[in-house]
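What stands behind each one?

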Amino acid sequence: MDALVSAFVAAGLAEWGDKTQLLVAALAARHGRPLPILVGVALAAAIHAAIAGFGGILVNDWMTIRALTLLTALALLFAGGAGLFARKPPNILIGPRVGAFAASFACFFIAEFGDKTQFLTFSIAARFDSAALASLGALAGVMAASVPAVMLGDRLVAVVPVRAIRLSAAALFLLFGIILALNALTLV
């Protein structure tokens, strides 16, 4: 259960103000059809979470608990550092003939590959030795951040304090990353 909740919170916070959340808002503004966009995002996010969860399980057997804790700390520090930089709404380069589902799946899949959410999911799956729960938690977290983006579309940044949420999440990631790193290095 720790893997599920940790991955949900980490992915949910990591996605606020991230390029993928802004991408979902731009897709919603462009296509105006929330359901196919959410299904495309959910499928792409599920694939990424499954890849990260499986990778985490592979690493789990080769590392000590201290090393796994340090890996999680590094993932949190990476997510915190990445959250300090502002994101611009991306240009959607897929032509108008591509439907909302295909556009959202393709764009989200490409944008999310190797992103901080995938790294966090990988480290949480490795740390808690649970690919399924970490993947499900990450998927739920990504969707929790994507639903408001698809519903608000291009009004997301005007209605929701995305910058404040992103900076607060970055500060939390950095704080918890430092605490975990000090703990893993037995300096605390």
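The questions below set values from this predicted model against the cut-offs that give each label.

Q: Why are Phe101 and Phe105 called a stacked aromatic pair?
A: Start with distance. The two ring centres are 6.4 Å apart, and rings pair if their centres lie within 6.5 Å. Now the angle. The planes of Phe101 and Phe105 are 15° apart, and planes under 30 degrees apart count as stacked. Therefore the pair is stacked.

Q: What separates Phe101 and Phe105 along the helix?
A: About one helical turn, because Phe101 and Phe105 are 4 residues apart in helix H5 (residues 100-112).

Q: What makes Phe105 and Phe109 a stacked pair?
A: The ring centres of Phe105 and Phe109 lie 5.7 Å apart, with 25° between the planes. The limits are 6.5 Å for pairing and 30 degrees for stacking. Both values pass, so the pair counts as stacked. Phe105 and Phe109 also lie in helix H5, 4 residues apart, or about one turn.

Q: What do the ring pairs build, and how many aromatic pairs are counted?
A: Ring pairs link Phe101, Phe105, Phe109 and Phe113 into a cluster. The count of aromatic pairs comes to 4.

Q: Are Phe105 and Phe109 buried, exposed or in between?
A: Buried means under 20% relative accessible area, and exposed means over 50%. Phe105 has 24%. Phe109 has 25%. Each value falls between the limits, so Phe105 and Phe109 are partly exposed.

Q: How do you know the class of Ile47?
A: Ile47 is in helix H3. Its relative accessibility is 31%, so Ile47 counts as partly exposed.

Q: Which residues make the nonpolar surface patch?
A: Leu35, Val39, Leu43, Ile47, Ile51, Phe101 and Phe113 make a patch of about 640 Å². Helix H3 (residues 34-60) gives the largest share, 5 residues. Patch residues need over 30% relative accessible area. Ile47 has 31% and Phe101 has 37%.

Technical notes:
Residues numbered from 1 in each chain as written. Predicted model: local features only at pLDDT ≥ 70, side-chain atom pairs only at ≥ 80, totals over all residues. Heavy atoms only, no water. Patch = residues over 30% accessible without salt bridge, like charges linked within 9 Å, V, L, I, M, F, W, Y side chains within 5 Å. Areas by Shrake-Rupley, 256 points an atom, 1.4 Å probe, with all protein chains shown as cover. Salt bridge = Lys/Arg side-chain N within 4 Å of Asp/Glu carboxyl O. Helix = DSSP H or I, 4+ residues; strand = E, 2+ residues; numbered from the N terminus. Buried < 20%, exposed > 50% of the residue type's maximum accessible area, 1.4 Å probe, protein only. Phe/Tyr/Trp six-rings, centres within 6.5 Å; stacked < 30°, edge-to-face > 60°.
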